[in-house]
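I opened this notebook to keep track of what I looked up in the structure, entry by entry. The notes follow the order in which I turned to each part.

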Amino acid sequence: MKSKPASRRPGIEVHFGDNLEVLRGWPSESVDLIYIDPPFNTGHRQLRTRFCKRGGEKVAERSYGYPDSFDDFSGFLQPRMVEAYRILKPYGSLFFHIDFREVHYCKVMLDTIFGRSSFINEIIWAYDYGARSKVKWSAKHDNILWYAKDPKHYTFNYDEMPRIPYMAPGLVGPEKAARGKTPTDVWWHTIVSPNGREKTGYATQKPRGVIDRIVRIHSKPGDLVMDFFAGSGTLGESAHSLGRNCVLVDSNRDAIAVMKRRFKGLEVAWIGCGGIAPEKGRGVEKKVK
Ligand SMILES: C[S@@+](CC[C@H](N)C(=O)[O-])C[C@H]1O[C@@H](n2cnc3c(N)ncnc32)[C@H](O)[C@@H]1O
């Protein structure tokens, strides 16, 4: 499978294949921002089943997903993170999205590759959806580790930060209260609504609101951003709408099929994706363990 970068850079470039192969062929110091959301090593396959109505009955039409169980998760990620470091521009940043199961191991691995001083923030994406545990505290957050290749120089568009209301506006005066305050490293944001327009049906799709915030604040219009665990292509949609160029990679045919539907009408270079048809309609999705 050919995985060389396209000579002409369109708004979006999508590669089908193992990201390690694509990364190893990618030029050094060429990417402004990497956001990745790899499998979380949950120990089970991420699966969604599409249902349709037949003769008034709801019947399973097809299932799609990807494996999410690794004997050596760090061993899988490490060579990819070495390449991520190499291809980042000198002032580039990595945003690494994971959860409580593996975040500590990933932090140690990334500290080794980027250097501890390059670690800038651990962003907690907190949401509030789904069942609650009766035997322990319900885990309702993900962890996003931010590394800047050069901790003294990186893109941080302060003026692009959203404003949120003060908890006690009476204590800060009317002008400040009207402007609101900037968010901290804890981001409250709902998950992708199960029946909203944003939903693609791809397992573990991340919300535009979270991804847009990263793209807006940590890159500039015209920059090159990359997600080499692209899934349904959320970073691509965000980059396109915010005027950034984007490279996406996924090794799952279903992800490519979903992106083909999601990016319909956009100018996209599909590399190694021949023969994969766009996914059809959304149907009714159900998570299957
Ligand atoms: C958590 S999902 C990404 C979801 C995405 N952020 C979204 O919003 O839809 C992780 C993706 O990594 C892909 N993946 C796993 N191993 C890969 C590899 N070696 N090369 C490329 N993609 C891989 C899986 O197929 C899956 O689509």
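This is a predicted model: local features need pLDDT of at least 70, side-chain atom pairs count only at pLDDT 80 or more; totals for chains, interfaces and linings use all residues.

**Entry: β9 and its partners.** I began with strand β9 (224-227), where Met-226 stands opposite Val-247 in β10. The chain crosses from β9 through α6 to β10, and I noted this β-α-β crossover as right-handed. Looking at the pairing itself, I found that β9 and β10, which covers residues 245-250, run parallel to each other and are joined over 4 bridges.

Leu-33 has Val-225 in β9 as its bridge partner.

Next I asked which residues of β9 point one way and which the other. Leu-224 and Met-226 share one direction, while Val-225 and Asp-227 take the other, and I noted that all of them are buried.

**Entry: helix α5.** I looked up which residues of α5, the helix at 208-218, are buried, and the list I wrote down is Val-210, Ile-211, Arg-213, Ile-214, Val-215 and His-218. As a reminder to myself, an α-helix has 3.6 residues a turn, so residues three or four places apart point the same way. I then checked what covers the buried residues of α5, and the cover includes β9 and β2 from the entry above, together with β5 (88-98), β6 (119-126), β8 (186-188) and the helix α6 (234-241).

**Entry: the ligand.** I asked which residues come nearest to the ligand. Of the 19 residues around the ligand, they are Phe-229, Gly-231, Ser-232, Thr-234 and Asn-252. Sorting the shell by kind, I noted 7 nonpolar, 8 polar and 4 charged residues.

Entry: Glu-29 has a positive phi of about 50 degrees and is found in the loop between α1 (19-24) and β2. Asn-41 has a positive phi of about 60 degrees and lies in the loop between β2 and β3 (46-54).

Is each of the two buried or exposed? Glu-29 has 12 C-beta neighbours inside 10 Å and therefore counts as exposed, whereas Asn-41, with 20 other C-beta atoms within 10 Å, is buried.

**Entry: the chain as a whole.** Last, I stepped back and noted 7 helices and 12 strands in the protein chain. The radius of gyration is 20 Å, close to the 19 Å that the globule rule gives for 289 residues, so the chain is as compact as a globular protein of that length. The C-alpha trace spans about 65 × 45 × 40 Å along its principal axes, and 33% of the 289 residues count as buried. Among contacts with a separation of 6 or more, I noted that 68% are made by residues 24 or more positions apart.

Technical notes: Residues are numbered from 1 along each chain as its sequence is written. Helices (H or I, at least four residues) and strands (E, at least two) are DSSP runs, numbered from the N terminus. The radius of gyration is taken over C-alpha atoms; the globule rule is 2.2 Å times the number of residues to the power 0.38. Two residues are in contact if their C-beta atoms, placed from the backbone, lie within 7 Å. A residue is near a molecule or strand if its C-beta atom, placed from the backbone, lies within 6 Å of it. Ala, Val, Leu, Ile, Met, Phe, Trp, Tyr, Cys and Pro count as nonpolar, Asp, Glu, Lys and Arg as charged, and the others, Gly among them, as polar. Two strands pair if DSSP finds at least two bridges between them. A crossover is right-handed if, with the strands pointing away from the viewer, the path from the first strand over the helix to the second runs clockwise.
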